[in-house]
Amino acid sequence: MHSSSSTLDPQRASKVRDLMTARSPVLKAIEWVKNNRLAGGGVAVHHKSRVATQEVTGYLIPSLLDGGEERLAVELALWEASVQRPDGSLAAPDGVPYTFDTAQVVRGFLAVLDRVPLLETNLRRACDYVAGQIGADGRVNSPALDMWRLEDGSVLTDYCNLYVLPPLHEAGRRLGEPRYLDAARRGLDYYRRKSDLVDFKSESGTFSHMFGYMMEALVDLGEVALAEQGLKQAERIQRADGSIPAYPGATWICSTGMAQLAIAWLKLGHREPAERAVAYLEALQHPSGGFFGSYGKGAIYFTQEEISWGVKFFIDAELLVAGRPLVSLPSVDPEPDSSRPA
């Protein structure tokens, strides 16, 4: 597990005390979630939408639990169970089941499992679905990827499916289920064979939101050296004001991607670039507590919508900056790979 030390210096202890004060950035973000929860259901895709997102509601559950919102976290997990399909999958807003989305609901079920043991059945069904979508070669498959297309016509990199693997591995460990562990290891081996896996490419398909998924997953999977390689590239392009271009050469920033990169840095103990990024986001945060998906000249990602996943990762980053432990996923000790130098 890669996390901040449990012993806080006085400055960080003060930050923890201030974290949950009225109208603090993290409380504003939590209020955004509450205000954009649909009646009796999940959290809306964005502030203009009346459609619940099963994916984001799922991985918001541990964030809300970490933020002291246990009742809300449990309610959302029970809602996820109520909309789960017979095959164990969870669907994207277009109604199509996505492997990625289902894995993020696994995170939610895991977070509250000790509080609601009856959700183990739902957790197993979701994991059975995810494990079944990981091929013999380790590739993470999905019935469709229509929603992974950006405004400029490019398609999001499937390397972000690395983020599917940590919750599956953790479920395998907690449930004592070798099939889940084997599928997660198979998936990790598949991505480790990709020579460009940690290249922060100058293209929108691998913009910082996707790259952030990849970097945090690598940290949680114990692939620290690979994560360090990728994060160094992001740090090189970080601006003096703390902002990070959406990709090398981009003229716009992705708020979610910045929070995700900060999370990965913080999990590795690299506080300086992370704190600069989080300070920039604090200044950017809307009075509502939310964020548009992107800002700046040429921005193409939810430029006028406050997106629910941006709030999720901002909450996580804020808690980590303050030294609060997260409902995190223990790191995997990677098996030795004779093809890589020791």
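Which residue, with a positive phi, follows α11? The residue is Gly-269, and its phi is near 85 degrees. The structure examined here is a predicted model, in which local features need pLDDT of at least 70 and side-chain atom pairs count only at pLDDT 80 or more, while totals for chains, interfaces and linings use all residues. Residues are numbered from 1 along each chain as its sequence is written, and side-chain values use heavy atoms, with hydrogens and water left out.

The protein contains 13 helices and 2 strands; helices (H or I, at least four residues) and strands (E, at least two) are DSSP runs numbered from the N terminus. Of its 342 residues, 61% count as buried, where buried means under 20% relative accessible area, exposed over 50%, and partly exposed in between (1.4 Å probe, protein chains only). The accessible surface comes to about 13,400 Å², and carbon and sulfur atoms account for 50% of it; these areas come from the Shrake-Rupley method with a 1.4 Å probe, and for residues only the protein chains shown count as cover. Contact means heavy atoms within 4.5 Å. Among contacts between residues at least 6 apart in sequence, 69% join residues at least 24 apart.

Two helices were examined for their span, for which the expected value is 1.5 Å times one less than the number of residues. Helix α11 (residues 255-267) has 13 residues and should span 18 Å at 1.5 Å a residue; its end C-alpha atoms lie 19 Å apart, which agrees. In α11, 13 of the 13 residues are buried. Helix α13 (residues 308-321) has 14 residues and reaches 20 Å from its first C-alpha to its last, close to the 20 Å expected. In α13, 14 of the 14 residues are buried. Just after α13, Gly-323 takes a positive phi of about 85 degrees.

A nonpolar core is a set of buried Ala, Val, Leu, Ile, Met, Phe, Trp, Tyr and Cys residues joined through side-chain atoms within 4.5 Å. The largest such core has 113 residues, and those with the most contacts inside it are Leu-162, Phe-207 and Trp-252. Helix α13 gives the most to this core, with 9 residues. Leaving aside neighbours within four places in sequence, the residues in contact with Trp-252 include Phe-207, Pro-245, Tyr-247, Ser-294 and Tyr-301.

A search of the whole structure finds 18 aromatic pairs. Rings of Phe, Tyr and Trp (its six-membered ring) pair if their centres lie within 6.5 Å; planes under 30 degrees apart count as stacked, over 60 as edge-to-face and the rest as tilted. The rings of Tyr-59 and Tyr-163 have centres 6.5 Å apart and planes at 80 degrees, so this pair is edge-to-face. The pair links distant parts of the chain, 104 residues apart: Tyr-59 lies in helix α3 (residues 54-66), and Tyr-163 in the loop between α6 (120-132) and α7 (165-175). Both Tyr-59 and Tyr-163 are buried. Tyr-247 and Trp-252 also form an edge-to-face pair, with 6.1 Å between centres and 85 degrees between planes, and both residues are buried. Together with Phe-207, Tyr-301, Phe-302 and Trp-309, Tyr-247 and Trp-252 form one aromatic cluster.

A charge sits over a ring if NZ of Lys or CZ of Arg is within 6 Å of the ring centre and within 35 degrees of the ring normal. Arg-107 lies over the face of Tyr-163, at 3.8 Å from the ring centre. Lys-312 lies over the face of Phe-313, at 5.2 Å.
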